[in-house]
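Hi everyone, thanks for coming. Could you have the sequence and the model open while I talk? I'll walk through a few places in the fold, one after another.

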Amino acid sequence: MPASVVLSDVTYSAPDGRQLLSDANLSFATEKTGLIGRNGVGKTTLLRLISSELSPKSGAISVRGGLGVLRQVVQNDLDLTIADLFAAADALAVIHRAEIGQSAPEELADVDWALPVRIATALGRFGLDVSLDTPLAILSGGQRTRARLAALIFEGPEFLLLDEPTNNLDRAGRLAVLDLLAGWRGGAIVVSHDRELLEAMDAIVELSSLGARRYGGNWTVYSELKAAELDATRHDLADAEKRLAQVSRATQLAAERKVRKDKAGKKAIEKGGMPRIAMGAWKDRSEGTGGNDARAAQIRRVEALDAVATARSHIETVDPLTIALPSTGLPLGKLVIEIDGVTAGYEPDRPIIRNLSFTVSGPERVAITGLNGSGKTTVLKIVTGAMKPCSGAVRVMVDFAVLDQSVSLLDPSKSILDNFRTINPQSDENACRAALARFMFRADTALQRVSSLSSGQLLRTGLACVLGASTPPQLLILDEPTNHLDLQCIEAVEVGLRAYDGALLVVSHDERFLESIGISRRVELE
């Protein structure tokens with residue numbers, strides 16, 4: 001039978017009590033489905049429910065076929081090797097012992113002698129040529145993603161669950177993912193904010209505060225359908241609000257007419273121009289008509305209010321992310337970074353970077369570019385002092401802040417607010433709250449423990465702590481800052497960084513992002 005995933009009346013709430021899914025009914029067949037939505041809406045949670053890492057509060061999830069899961073890797077333990085990823089360490093050890101004549105006969109009964117070649121072929125499919133004992137810790141983020149993808153496909157699953165598979169990947173890596181999905185004949189659910197990847201989908205499922213909604217077609221089709229749907233809903237809301245205003249105005253005019261009529265009747269009675277019997281009949285009619293008119297007006301008003309509420313219920317209320325940064329005071333032309341003849345690497349005899357030299361002056365915006373494994377993150381570590389060069393000199397002449405791929409500046413055991421206080425000790429309570437509010441962490445949401453955050457929320461917290469100080473640093477060092485942010489947050493960050501008047505040193509594979517923030521120069525690593 002073909003692989004499939006079916007959710008029936010599934011309800012699930014986050015640890016903080018927010019309901020992420022409510023009686024959700026979704027089905028995924030042998031097609032490629034993009035799963036989109038704002039950060040924290042429950043995309044990764046849905047994958048974890050499907051893979052049985054989490055259990056729903058109610059409802060049922062049926063999975064047919066073997067699952068292959070690629071998880072987001074943020075603040076994760078990297079004490080693994082390539083062989084560990086393929087669950088092949090023991091089998092490879094047996095082969096090694098056999099090759100040197102130290103294996104026991106009983107060990108050789110089920111040996112897969114082709115295993116090393118098959119693993120190497122899987123790695124090669126994603127552009128990796130590394131030894132099987134290579135620790136993941138010394139690989140770049142993009143290389144680790146490629147290795148995990150290779151290990152995932154090596155398992156031979158029938159249904160893929162991919163959580164942000166193109167994060168950290170260079171152009172070649174992204175093309176490898178696109179090629180994989182283009183030839184995939186099983187089912188796949190792909191969580192992504194990568195518009196190019198979403199164009200390769202057969203369907204889009206959007207998670208929002210309104211629930212889960214499926215759209216047939218790729219990102220372009222979804223965008224067109226969503227825009228038309230939103231236009232129609234806004235039109236319905238405008239019509240409903242117009243009708244409510246008309247009803248309210250008509251009710252007011254009717255009440256005013258009745259008041260005038262009652263005044264005229266009272267004047268006639270006071271002048272004595274109306275018989276007593278007629279006066280009683282007039283009074284009864286007036287009270288009866290007034291009561292009927294009031295009831296009819298109230299019914300019309302309730303109906304109009306219901307129409308407005310119904311129209312509004314189909315429009316998601318979004319609290320926008322806004323970033324406004326004060327001036328850094330960085331003078332034009334001031335020397336910010338000087339790298340002179342630097343050679344560096346994790347092993348002195350195998351340097352990743354050789355004889356690198358460049359400078360950054362004033363509010364320059366410089367991107368470090370190159371293929372996965374070329375040393376982009378290593379350059380940032382050298383600049384920040386996290387790694388010492390084997391040779392050469394590094395000078396940083398201004399204060400700086402850094403946001404790395406794993407958001408390591410955050411303490412997972414502390415709340416968002418406590419992390420902000422620790423990183424920005426000069427900020428008082430009001431300043432902390434105001435800064436976090438600009439990044440959509442208001443009131444009790446700022447008290448969430450960092451370890452409970454989604455990957456997108458984690459990155460947003462890091463951005464808040466780095467950019468939210470009363471006086472921003474004169475140099476911002478950013479390593480793939482948009483990897484886990486939704487499209488709306490990326491656009492807001494772009495706006496904020498365009499307003500930032502300090503120097504930028506950025507590593508990113510997102511060309512749209514680099515173009516939007518006004519990168520003026522690139523340092524290309526071989």
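**Starting at L35**

Let's begin with L35, which touches K43, L46, L47, I189, V190, V191, S192, V205 and L207, leaving aside residues up to four places away in sequence. By contact I mean heavy atoms within 4.5 Å.

Before going on, a word on where this comes from: it is a predicted model, where local features need pLDDT of at least 70 and side-chain atom pairs count only at pLDDT 80 or more, while totals for chains, interfaces and linings use all residues. Residues are numbered from 1 along each chain as its sequence is written, and side-chain values use heavy atoms, with hydrogens and water left out.

Back to L35. You'll find L35 in strand β3, residues 32-36. Helices (H or I, at least four residues) and strands (E, at least two) are DSSP runs, numbered from the N terminus. Is L35 buried or exposed? L35 has 0% relative accessibility, so it counts as buried. The cut-offs are these: buried is under 20% relative accessible area, exposed is over 50%, and partly exposed is in between, with a 1.4 Å probe and protein chains only. Have a look at M201 too: L35 and M201 are 166 residues apart in sequence, but 9.7 Å apart in space, C-alpha to C-alpha.

Now zoom out for a moment. The protein chain has 15 helices and 17 strands. Of its 526 residues, 45% are buried. And if you take the contacts with a separation of 6 or more, 71% of them are between residues 24 or more positions apart.

**Helix α1**

Next, helix α1, residues 43-50, where R48 lies. Which residues of α1 are buried? They are K43, T45, L46, L47, L49 and I50. That is six of the eight residues of α1, so the helix is largely enclosed by the rest of the structure. R48, with a relative accessible area of 35%, is partly exposed. Not counting residues up to four places away in sequence, R48 touches E53 and L54. After α1 comes S52, with a positive phi near 70°.

**Helices that pack together**

Now some helix pairs. Two packed helices are described by the angle between their axes and the distance between the axes. Here the axes are lines fitted to C-alpha atoms, for helices over the stretch in contact, and angles run from 0 to 180 degrees between N-to-C directions.

Take helix α3 (residues 89-99) and α4: their axes come within 10 Å and cross at roughly 130°. That makes α3 oblique to α4. On this scale, under 35 degrees is roughly parallel, over 145 roughly antiparallel, 65 to 115 roughly perpendicular, and the rest oblique. A91, L92 and I95 of α3 meet L115, P116 and I119 of α4. By class, that contact has six nonpolar, no polar and no charged residues. Nonpolar covers Ala, Val, Leu, Ile, Met, Phe, Trp, Tyr, Cys and Pro; charged covers Asp, Glu, Lys and Arg; the others, Gly among them, are polar.

Helix α4 (residues 115-125) also packs with helix α5 (residues 141-154), their axes coming within 8 Å and crossing at roughly 125°. So α4 and α5 are oblique to each other as well. The contact is made by L115, R118, I119, A122, L123 and R125 of α4 with A147, A150, I153 and F154 of α5. Those residues divide into eight nonpolar, no polar and two charged.

The last pair is α11 and α12, whose axes come within 10 Å and cross at roughly 115°. I416, L417, F420 and R421 of α11 meet E429, C432, R433, A435 and L436 of α12.

D9, in strand β1 (residues 4-13), has a positive phi near 50° without being a glycine. D9 is partly exposed, at 42% relative accessibility. A443 has a positive phi of about 50° and is not a glycine either. A443 lies in the loop between α12 (429-438) and α13 (455-467), and at 52% relative accessibility A443 counts as exposed.
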